[in-house]
Amino acid sequence: MDIADRLELHELPGRYGDIIDDRDWDRLGTVFTDDAVFDLTDLGAPRLEGLTAIRDFMADEAEHPRTHTMTNIYVNETTDGVELKFRILALLGGGKVGTASYHDQVVKTPDGWRVQDRMLKRRRTQVYPD
C-alpha cells in the first residue's frame with residue numbers, strides 16, 4: 001500500500017465524523033460501499049445492511065452526539081484485506097462525553113477507499129462529566 005492510500009484511509013474517519021455532524025446524509029456514499037454493513041448492536045441499535053439502511057437510520061432514528069472527534073487511527077494490511085481502526089470522542093451534551101472504537105474492513109473502489117463492514121464497540125459503559 002502506498003502513502004497516498006494510507007493518507008486517504010486516515011482521512012476516512014474524519015470525513016465520516018464531519019458528515020454526521022453536518023447531517024449531510026447524501027455524502028455517506030463517500031464513506032460506505034453500497035452493500036456496506038454497519039453493526040451498532042453494542043450501542044443497543046440495529047445492524048444496518050446497505051447504504052440506504054445506513055442513511056435512513058442516521059437521518060431518522062440515530063441519536064447523534066453534538067460532535068465527533070476521531071483519533072488513534074490505524075491502517076493494517078492483513079491476509080483478509082485492509083482494516084481500519086480508530087476511536088471516537090463524542091460530546092453528548094449536558095457536560096458528558098462518550099468514547100467508542102470503530103473496527104472497519106475497507107475496500108478500494110474506483111471512487112476511492114470505502115468502508116464495507118463497520119463494527120462500533122463501546123469503550124466504556126459509563127459517561128463521565130467534563
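The loop between H1 and E1 holds Arg23. In this predicted model, Arg23 has a positive phi of about 55 degrees although it is not a glycine. Arg23 counts as partly exposed, at 38% relative accessibility. A second residue other than glycine with a positive phi is Asn72, for which the value is near 50 degrees. Asn72 belongs to strand E3 and is partly exposed, with a relative accessible area of 34%.

Helix H2 covers residues 51-60, and Leu51, Ile54, Phe57 and Met58 are buried within it. Why do these buried residues line one face of the helix? Seen down the axis of H2, they fall within an arc of 135 degrees, so they share one face. As a general rule, an α-helix has 3.6 residues a turn, so residues three or four places apart point the same way. On the other side of H2, Thr52 and Asp60 are exposed. The cover over the buried residues of H2 includes helix H1 (3-22), strand E1 (32-39) and strand E2 (47-49).

**The nonpolar core**

The largest nonpolar core has 31 residues, of which Tyr16, Leu28, Phe32, Phe38 and Met58 touch the most other members. At least two residues of this core come from each of H1, E1, H2, strand E3 (67-78), strand E4 (81-93), strand E5 (96-109) and E6.

**Salt bridges**

Side chains of opposite charge can pair when their charged atoms come close. The count of salt bridges in the model is five, and the table lists some of them.

| Pair | Closest N to O distance |
|---|---|
| Asp5 and Lys108 | 2.7 Å |
| Glu49 and Arg47 | 2.5 Å |

Asp5 forms a salt bridge with Lys108. Asp5 lies in helix H1 and Lys108 in strand E5, so the pair ties together parts that are 103 residues apart in sequence. Asp5 is buried, with a relative accessible area of 10%, whereas Lys108 is exposed, at 51%.

In the pair formed by Glu49 and Arg47, Glu49 counts as exposed at 54% relative accessibility, and Arg47 counts as partly exposed at 43%.

**A buried arginine without a salt bridge**

Strand E6 (residues 112-122) also contains Arg114. Arg114 is buried yet has no salt bridge. Which side chain of opposite charge is nearest to Arg114? That side chain is Glu8, 4.4 Å away, and a salt bridge requires the nitrogen and oxygen atoms to be within 4 Å. The side chain of Arg114 does reach two backbone oxygens: that of Gly29 at 3.0 Å and that of Asp111 at 3.1 Å. Leaving aside neighbours within four places in sequence, the residues in contact with Arg114 include Glu8, Leu12, Arg15, Gly29, Phe32, Gln105 and Thr109.

How values were computed
Residues numbered from 1 in each chain as written. Predicted model: local features only at pLDDT ≥ 70, side-chain atom pairs only at ≥ 80, totals over all residues. Heavy atoms only, no water. Helix = DSSP H or I, 4+ residues; strand = E, 2+ residues; numbered from the N terminus. Buried < 20%, exposed > 50% of the residue type's maximum accessible area, 1.4 Å probe, protein only. Lys, Arg positive; Asp, Glu negative; His and termini not counted. Polar contact = N/O pair within 3.5 Å; in protein donor to acceptor, adjacent residues only side chain to side chain. Contact = heavy atoms within 4.5 Å. Arc of directions from axis to C-beta. Core = buried A, V, L, I, M, F, W, Y, C linked by side-chain atoms within 4.5 Å.
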